[in-house]
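Here is a short briefing on a protein model. Keep the sequence and the 3D view open as you read.

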Amino acid sequence: FKTYSEEIESPVSPIVYSDGSGGFELYWFHPGRYVKNIGNNTIIPKRGVIPSKDDRQYCIFTTIDLTPPYYIQSANTYILNGNMSSSLPGDQYSPIRLAVKEKVSDNYYDDLWYEYVSLAEDADMSGAFIERFADFGVDDIFEIYLALEWLPGYPTSPMIGENSQPPYFTQFICPMDDSSFNSTLTSACAMVGLEILDWHITYEDLGKLKNSSMISYEVLFSEDSANIRTSGVTVGTASEDSLTANFHLSQSGYITIRVADMLSEAFSEPLFVDISRLPDFTIQPQNLVLYELNIYNENNILLENTGTNNLELSIRYDHSLFSLSEDIILLEVGATAEIGIGVNEGIDLQFPINSPIIIQATGDYYPQIFHVTVSNENPTSIGNNEITLPEKFNVSQPFPNPFNSSVRFSLSQTNQQPIQMEVYNLIGQRVYSKNIVSAKNQFIEWSADDDMGYEVGSGVYFIRFSTNNEEVIRKTILLK
């Protein structure tokens, strides 16, 4: 096998969610293997921009749309080696504030991270890129703002380079101390950027990774952190195409991510996982597929408070993709609430789009993640073979898809009856079968094994769910 020429880099400490079934859904990030550079900061600018010579606090905001979970490794900007007006206080060596923000209201942005930066005294004649390591994860925010703030008392400090090839995101300038908080779009993009670690990966990148290394990932658990690397118990695994794992714990303790190839291994910093922070509410179904619909009541999720305290739930999601009938819910003990979901018009659905809904209960709880797929594909067809949509039972689309170790389905029925589950490979051979016990709503999983218990190989598989006179077929891809 081909291996790394250097030791494996340690993965970043994971982000923890509740998975909606009393367990955990975990995401982690591997620096150097899952990186998105937001913005184009490779071109040294030839000119600079500064908001005002007045003694006020100004800010340039760069809006960035992302899909959680993600991890911000670093933030940077370019400061020119020059001073617009030496007669006024402040110069290129005076500090500015480099920050990542969340919009809380129409006139208030809360800091997720910030650091004061300035040009070094020994910088080159043209200036220099200024990079600061942020190192923090975001689990429930879909839009962030990368901000450069000029501070009061330093109206000319410092000059920020203009990007001659503006990136796709929007930038605007606003006076931070203006009660109206009016903003104006900038004519050119001041050079600011982020390095994002993201668990999603393209098929092209996946092919490169699989040809370059043989690597494995494990989630280790221990009651204490001291010996977790040597005596930790494996509670979840993943492959390099999907750095996520689902698992249940019977007690609180520490987890770490072990990554290894044929020659070396590395670990994330231990993270304490507290089972008392699992929220006491459930979601049905546990994942949802939306088609080209914009009618709320045709796509519903049902929330139920299963705990002993009233809950206030706030819901975050990608507003550009779909809309919800409610964003904040008060859920009393034992009560249920139905939320309608609609797909926005004008969405390009050439390929299915996966996006989560993040539900946060008030208090110190893990956010609960609910997976939504938006697609224009006929849910009851494979190729050109049309199959009638059943009236008495339905099966969600597979998640995740493609998958590595196991694939899941949410099954709902209007009348309880036995259902046969069968898995066929691409040439029509049945490799697995299972009788599903009657239930109105349940969670079905296939662990990529055959009827003899042996693992099946990578490829396309068709999963058939059937009763005496009805059937649903789902297509999934196994990647190892």
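**Cores and an enclosed strand**

The largest nonpolar core has 33 residues. Those with the most contacts inside it are I64, Y70, I72, V100, I144, L146 and L194. Keep in mind that this is a predicted model.

**The cores**

- Take L146 as an example: beyond its neighbours within four places in sequence, L146 is in contact with I60, F61, T62, I64, A75, L98, A99, V100, V192, G193 and L194.
- Another core, of 25 residues, lies apart from the largest one. Its members include F281, L324, A337 and I359.

**Strand β2: buried on both faces**

- Strand β2 covers residues 24–29, and six of the six are buried, so the strand is largely enclosed by the rest of the structure.
- F24, L26 and W28 point one way from β2. E25, Y27 and F29 point the other way.
- Both sets are buried.

**The partners of β2**

- On one side of the pairing list is β1 (residues 12–18), which pairs with β2 in the antiparallel sense over five bridges.
- V16 has L26 of β2 as its bridge partner.
- β1 and β2 form a hairpin, with five residues between them. In the turn, G20 has a positive phi of about 85°.
- β2 also pairs with β18 (residues 244–247), again in the antiparallel sense, over four bridges.
- Here the bridge partner of L26 is A245 in β18.

Key: Residues numbered from 1 in each chain as written. Predicted model: local features only at pLDDT ≥ 70, side-chain atom pairs only at ≥ 80, totals over all residues. Heavy atoms only, no water. Buried < 20%, exposed > 50% of the residue type's maximum accessible area, 1.4 Å probe, protein only. Helix = DSSP H or I, 4+ residues; strand = E, 2+ residues; numbered from the N terminus. Pairing = 2+ DSSP bridges. Core = buried A, V, L, I, M, F, W, Y, C linked by side-chain atoms within 4.5 Å. Contact = heavy atoms within 4.5 Å.
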